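Shall we go through some of them together?

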Amino acid sequence: MTKKPNSLVRWIMLAMVLGIAVGYACNALAPDAAAARSIARYFNIVTDVFLRMIKMVVAPLVFATLVAGVASMGDAKAVGRVGGKALGWFICASLISLALGLLFVNLLQPGVALGLPLPDAHAATSLKTSSLNLGDFVTQLVPTSFAQAMSTNAILQILVFSLFFGFAIAALPREATTSTVRF
């Protein structure tokens, strides 16, 4: 029995309406702001666990997808062509997103009516402002350990390792790597 594609949309819409109703009920029934905050903390547990589960899947998914893709292509030129096209799409999408963001922030001017005071120009921000040079950037691309990159969810390091691993598998005879690529 196959599900209709619209049933998932219905479940999502139902969950959104239910979430709005529960949020309104919690806000309306809470006697004061402190009680509303304590109720919200319980909902934060659910959202934090959900986001952690998504983050938990991202690194292995990136690794498996890239290794299988590069190993199945086999040819470095084909990988370069696909990588170039992907990079081009990424740059174009980034530029369009930035342009839309600049357009809407200038049209809508969010936060203008808030009247918040600007901080002093010499105020301490406790931000790391050390400059990143090219040597540090290139060094950070290569993980010291694949396990560490996976555990810290360092996606760029996982990407670099996956590409090297995929090229290494692609260089081996196809008969020796079929089970590894399938895994």
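Helices here are DSSP runs of H or I with at least four residues, numbered from the N terminus. With that numbering, Gln109 falls in the loop between α3 (76-108) and α4. Please keep in mind that this is a predicted model.

Q: What makes Gln109 stand out in its backbone, and is Gln109 buried or exposed, or in between?
A: Phi of Gln109 is near 45°, a positive value in a residue other than glycine. Most residues other than glycine have a negative phi. As for accessibility, the relative accessible area of Gln109 is 46%.

Q: Which loop holds Asn153, and why is Asn153 called partly exposed?
A: Asn153 sits in the loop between α5 (146-151) and α6. Its relative accessibility is 26%, and therefore Asn153 counts as partly exposed. Asn153 also has a positive phi, about 60°, although it is not a glycine.

Q: Why is Ser162 called buried?
A: The cut-off for buried is under 20% relative accessible area. Ser162 has 0%, so the label buried applies. Ser162 is found in helix α6. Leaving aside neighbours within four places in sequence, its contacts are Val62, Phe63, Leu66 and Val67.

Q: How do you know that Ile169 counts as buried, and what does Ile169 touch?
A: Its relative accessibility is 7%, so Ile169 counts as buried under the 20% cut-off. Ile169 belongs to helix α6 (residues 155-171). Not counting residues up to four places away in sequence, Ile169 touches Val67, Ala71, Thr177, Thr180 and Val181. Along the chain, Ile158 is 11 residues from Ile169, and their C-alpha atoms are separated by 16 Å.

Q: Why are α4 and α6 called roughly perpendicular to each other?
A: Two packed helices are described by the angle between their axes and the distance between the axes. The axes of helix α4 (residues 134-141) and α6 come within 8 Å and cross at roughly 65°. Angles from 65 to 115 degrees count as roughly perpendicular, and therefore α4 and α6 get that description.

Q: Which residues of α4 meet which residues of α6?
A: On the α4 side they are Phe137, Gln140 and Leu141, and on the α6 side Leu156, Gln157 and Val160. By class, this contact has four nonpolar, two polar and no charged residues.

Q: How many helices and strands does the chain have, and what makes the chain more spread out than a compact globule?
A: The secondary structure comes to seven helices and zero strands, giving the pattern α-α-α-α-α-α-α along the sequence. The radius of gyration is 24 Å, well over the 16 Å that the globule rule gives for 183 residues, so the chain is more spread out than a compact globule. Its C-alpha atoms fill a box of roughly 70 × 60 × 35 Å along the principal axes. Of the 183 residues, 10% count as buried. Among contacts between residues at least 6 apart in sequence, 59% join residues at least 24 apart.

Key: Residues are numbered from 1 along each chain as its sequence is written. This is a predicted model: local features need pLDDT of at least 70, side-chain atom pairs count only at pLDDT 80 or more; totals for chains, interfaces and linings use all residues. Side-chain values use heavy atoms; hydrogens and water are left out. Helices (H or I, at least four residues) and strands (E, at least two) are DSSP runs, numbered from the N terminus. Buried means under 20% relative accessible area, exposed over 50%, partly exposed in between (1.4 Å probe, protein chains only). Contact means heavy atoms within 4.5 Å. Axes are lines fitted to C-alpha atoms, for helices over the stretch in contact, and angles run from 0 to 180 degrees between N-to-C directions. Angles under 35 degrees count as roughly parallel, over 145 as roughly antiparallel, 65 to 115 as roughly perpendicular and the rest as oblique. Ala, Val, Leu, Ile, Met, Phe, Trp, Tyr, Cys and Pro count as nonpolar, Asp, Glu, Lys and Arg as charged, and the others, Gly among them, as polar. The radius of gyration is taken over C-alpha atoms; the globule rule is 2.2 Å times the number of residues to the power 0.38.
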